[in-house]
Amino acid sequence: MAVCAAMADAGGVYDVAIVGAGPAGSAAALAAAQAGADVLLLDRELFPRDKACGDGIAQQGLDVLAGLGVTGLTDGFTPIRSLRLTGPGGAHAAGELPEPAYVIPRAVFDARLVAAAVRAGATFEQHTVRAIAVRADGVDLGDGLAARVVIGADGANSTVRRALGLPRNPPDRLAVAIRAYAPDPVSRPSATSQAGVVPRDPGEAGPEQRIVMTGQRWPAYAWSFPIGDGRRNVGYGELVSGGPLSRAHLLERMHSLLGDTGATEVADARAHHLPLSTWRPRPGHGRLLLAGDALSLINPFTGEGIFYAVLSGSLAGQAAVTPGGPAAGQAYIAALRRRLGRHLRHTGVIARLTAQPWVVDAGLRAAARHRHVFDGFVGLGLGDGLLTPRLLASVAAAVLARA
């Protein structure tokens with residue numbers, strides 16, 4: 001990363017340039033444009049485009065985007081009101097979500113967000129950023145593009161993060177997951193299937209999200225999230241440090257755990273990295289800010305990242321305008337700490353507490369008995385929930401009962 005005396009004539013300088021137009025980048029563009037900035041939103045691809053992901057959208061993330069004036073994101077998609085969890089040792093917890101979630105393919109969700117950012121005044125351009133040079137009065141992005149502040153929202157392999165000299169997450173803080181699309185079956189697997197899933201009651205209505213964990217190469221789990229159009233998003237993920245990884249291994253584990261995908265044809269299987277939030281770099285560096293996956297904002301408990309992405313993106317977009325300039329980085333650090341710092345500390349504690357698979361099963365047994373435990377886990381895993389004294393006491397009691 002070069003630092004020079006003055007920014008070369010770039011044919012016009014944007015107030016804010018954002019590298020990456022996924023949820024973090026689009027949220028940053030929305031926030032900055034609404035604050036009156038001249039915003040450039042860059043991505044190497046045109047939209048709509050596919051993005052490997054679980055496609056789960058929790059209400060907390062939608063609330064952040066609603067605060068930015070975005071509407072219509074969930075149009076045409078069925079709200080998911082139930083979640084079923086199977087622990088690594090076979091414990092079960094199932095219940096109604098505190099707020100409905102949605103499963104929206106990223107090809108649709110991200111395109112809707114980019115369109116909203118453009119409507120708010122941002123300029124979108126298909127462009128691959130290969131080099132970044134920070135200068136006294138701004139940042140050069142190459143090819144005649146420059147801005148006073150640049151936000152890196154360009155994913156797990158962020159160019160902006162590399163330009164800052166920041167290493168990628170170590171293997172024990174980096175997961176890899178494979179995602180595919182499969183037919184959504186009418187019936188559920190039996191209680192004696194390898195996944196050990198309790199069958200749905202005959203009178204139970206509505207789709208549900210399903211997560212099946214395994215003690216093999218823990219932490220690891222498979223998921224099945226219905227979209228509502230006859231398909232479901234299915235996948236499996238584990239830590240890079242768990243052992244040799246291959247496409248065949250990931251798919252075999254998914255089939256084995258879910259128990260109902262092996263005999264069907266899955267489509268669009270793609271693997272992707274998940275940099276966990278337990279290894280986060282510094283979010284602000286003067287005129288350069290990091291958001292979303294580029295900042296390793298992936299929940300270590302669930303692998304969820306959309307809420308973190310749109311929240312961090314919105315905060316970065318605001319800081320890039322006010323105070324903006326070289327003071328943007330420190331302002332963003334402070335804003336992110338105020339809004340998410342305590343939650344991130346608590347998810348780190350959860351990650352350490354659940355290093356042993358049997359602790360997760362004890363927690364799920366407590367969640368099956370106590371509504372506040374179930375809701376607490378959902379808040380920690382999908383939003384900005386906290387490890388409250390009541391939640392911790394209930395889980396501790398379940399752990400002690402097992403011991």
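Leaving aside its neighbours within four places in sequence, which residues is histidine 346 in contact with?

1. **Histidine 346.** The contacts are Leu380, Leu386 and Leu387. Contact here means heavy atoms within 4.5 Å. Histidine 346 sits in helix H7, residues 328-353. Its relative accessibility is 16%, so it counts as buried (under 20% relative accessible area is buried, over 50% exposed, in between partly exposed; 1.4 Å probe, protein chains only).

2. **Basis of the model.** This is a predicted model, where local features need pLDDT of at least 70, side-chain atom pairs count only at pLDDT 80 or more, and totals for chains, interfaces and linings use all residues. Residues are numbered from 1 along each chain as its sequence is written, and side-chain values use heavy atoms, with hydrogens and water left out.

3. **Fold elements.** The protein chain has 10 helices and 17 strands. These are DSSP runs, numbered from the N terminus: helices are H or I with at least four residues, strands are E with at least two.

4. **Extent.** The C-alpha trace spans about 70 × 40 × 40 Å along its principal axes.

5. **Packing.** Of the 403 residues in the protein chain, 56% are buried. Among contacts with a separation of 6 or more, 71% join residues 24 or more positions apart.

6. **Charge.** The protein chain carries 39 positive and 33 negative side chains. Lys and Arg count as positive, Asp and Glu as negative; His and the chain ends are not counted. The centres of the two sets lie 7 Å apart, with each charge placed at NZ of Lys, CZ of Arg, CG of Asp or CD of Glu.
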